[in-house]
Amino acid sequence: MQALVIVAHGSHLNPDSSAPTHAHADTIRETGAFDEVKTGFWKEEPSLREVLRTVESEEVYVVPLFISEGYFTEQVIPRELRLSGWDVSAWDSDGLSADTATFTAEDTGQTVHYCGPAGTHEAMTDVLVRRAETVTGDPDVGEGFGLAVVGHGTERNENSAKAIEYHADRVREMDRFDEVQALYMDEEPEVDDVTDYFESEDVVVVPLFIADGFHTQEDIPEDMGLTDDYRTGYDVPAEVDGHRIWYAGAVGTEGLMADVVLERAADAGADIESAIATVREKTRETDADGETPAAGD
């Protein structure tokens, strides 16, 4: 038997924080690729400390639903899962290249294939582009459009910015959008000045966040000038300084995110190629309105 455990931050204050994690788990569970698909959280139940005890399988693939390598992926999760002999050097990562390392869980004896965060996997670039397609309703969006990839940015974790730059560079190399720019909330270049960085009249803004919360639903829309008060809502697209801003919300809510989780598990040795194909097909299906549902829709 083999199991997949998706671990995420969760929130005591925002009940929607865990919604994408549960939605992606449901999508993967429906493929039958794993005997068990479980979720575990730092701030919700089941907790990271207890989640392996909910798993019967002896072989477990753990995928962190986090954007970057850092405190949670390198310290908190391995500690809470009680991975015997864990050392971050096992990933041999430069801050972007964490792949997988295998350990034994001290209290359960399970073999745990601990994967790098979903946010640094190359497949995340496809999710960013898909998010742009979803918010515009155009599967061919690109020509005449700029794309802003937005991250939190912090001096405490340089890897946070690395993930944003990595995916912005990969989208830029596709030569699909007229302009691609990485922007941040807490460092330069700042998302507050989004229109200063684009000549394109239409700009899609995609926050590289796992779930919609305070930052993506309140801070960023207000900072960009989409609205003076997030509680009154805003238009998509919204007119700001002569540009049309297509604000997409958190990339982690996109249904195709389930593919990234599967890709991580496959890289760790899980035999799930057919499931990956199934998920990619399912998440690209369109509803009657021609829009692709995001996770939780």
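# Aromatic pairs and salt bridges

Ten aromatic pairs are found when the whole structure is searched. The model is a predicted one. Its salt bridges number 16 by the rule applied. The points below describe selected contacts of both kinds, together with the accessibility of residues that form them.

**The pair W91 and Y114**

- The ring centres of W91 and Y114 are 5.1 Å apart and the planes meet at 20 degrees, so this pair is classed as stacked.
- Because W91 belongs to the loop between α3 (71-81) and β4 (100-104) while Y114 belongs to strand β5 (residues 111-115), the pair ties together parts that are 23 residues apart in sequence.
- W91 has a relative accessible area of 5% and is therefore buried.
- Y114 is likewise buried, its relative accessible area being 0%.

**The pair F145 and W246**

- F145 and W246 form a tilted aromatic pair, with 6.1 Å from centre to centre and 50 degrees between the planes.
- F145 is located in strand β6 (residues 145-151) and W246 in strand β10 (residues 243-247), so their contact ties together parts that are 101 residues apart in sequence.
- F145 counts as buried at 13% relative accessibility, and W246 is buried at 15%.

**Aromatic cluster**

- W42, F66, Y71 and F72 are joined into a cluster by ring pairs.

- R244 and D202 form a salt bridge in which the closest N and O atoms are 2.7 Å apart.
- R244 is partly exposed, with 25% relative accessibility, whereas D202 is buried, with a relative accessible area of 9%.

- R172 forms a salt bridge with D169, and the closest N and O atoms are separated by 2.6 Å.
- Both residues lie in helix α5 (residues 158-174); because they are three residues apart, about one helical turn separates R172 from D169.
- R172 is partly exposed at 37% relative accessibility, and D169 is also partly exposed, at 34%.

**Salt-bridge network**

- A network of salt bridges links E50, R53, R82 and D107.
- Within this network, the side chains of R53 and E50 meet in a salt bridge with an N to O distance of 3.1 Å.
- E50 has a relative accessible area of 32% and is therefore partly exposed.

Notes:
Residues numbered from 1 in each chain as written. Predicted model: local features only at pLDDT ≥ 70, side-chain atom pairs only at ≥ 80, totals over all residues. Heavy atoms only, no water. Phe/Tyr/Trp six-rings, centres within 6.5 Å; stacked < 30°, edge-to-face > 60°. Helix = DSSP H or I, 4+ residues; strand = E, 2+ residues; numbered from the N terminus. Buried < 20%, exposed > 50% of the residue type's maximum accessible area, 1.4 Å probe, protein only. Salt bridge = Lys/Arg side-chain N within 4 Å of Asp/Glu carboxyl O.
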